[in-house]
Amino acid sequence: MERRYSDYTVEELRDEIGRLKEKVQKAEQMGNISEYAIYERKIHMALAYTMNPGDFKPNEVYEIHGDPGQKFKIDYLNGVFAWGNRINLTGDKLEDQEALPISLLNKKVRES
């Protein structure tokens, strides 16, 4: 039975992130883009469990890691997931609400 990241200790999460980073490097070397993307997502999931959700606040806007120009406005947090909406380059809030692991959210941005 596979364990959930929420059951891991911080040390186990760090070990898992190290293993996943090795897999990312191998996938990149082999040119396997889909495998690379899967391991990147797993790394961000594991990283989210090493972070403090209390550092992220509803109604704040954050940059999205790996998605230049896109921002994310948090409506609420549920565990290590921030629920909210993306804001595109023109400042329009996209209609579809989505959940992102908090590890994908970078520094806060001032809303314009």
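This is a predicted model: local features need pLDDT of at least 70, side-chain atom pairs count only at pLDDT 80 or more; totals for chains, interfaces and linings use all residues.
Q: What makes strands S1 and S2 a pair?
A: Strand S1 (residues 61-64) and strand S2 (residues 71-78) share three antiparallel bridges. Two strands pair if DSSP finds at least two bridges between them, so S1 and S2 qualify. The strands themselves are DSSP runs of E with at least two residues, while helices are runs of H or I with at least four, and both are numbered from the N terminus.

Residues are numbered from 1 along each chain as its sequence is written, and side-chain values use heavy atoms, with hydrogens and water left out.

Q: How do you know that S1 also pairs with S5?
A: Three bridges in the antiparallel sense join S1 to strand S5 (residues 105-109). Within S5, Leu105 is the bridge partner of Ile64.

Q: Why is the contact between Glu12 and Arg3 called a salt bridge?
A: The term asks for a side-chain nitrogen of Lys or Arg within 4 Å of a carboxyl oxygen of Asp or Glu. For Glu12 and Arg3 the closest N and O atoms are 2.9 Å apart, so the contact counts. By this rule the model has five salt bridges.

Q: Why is Glu12 called partly exposed?
A: Buried means under 20% relative accessible area, exposed over 50%, and partly exposed in between, with a 1.4 Å probe and protein chains only. Glu12 has 28% relative accessibility, so it is partly exposed. Arg3, at 41%, is partly exposed as well.

Q: What makes Glu60 and Lys108 a salt bridge?
A: Their N to O distance is 4.0 Å, and the side chains meet in a salt bridge. This pair links distant parts of the chain, with Glu60 in the loop between helix H2 (33-48) and S1 and Lys108 in strand S5, 48 residues apart.

Q: Is Arg86 called buried or exposed, and why?
A: Arg86 has 18% relative accessibility, so it counts as buried. Its side chain meets that of Glu98 in a salt bridge of 2.6 Å, N to O. Arg86 lies in strand S3 (residues 81-87) and Glu98 in strand S4 (residues 98-101), 12 residues apart. Glu98, at 24%, is partly exposed. Asp67, Arg86 and Glu98 are linked in a network of salt bridges.
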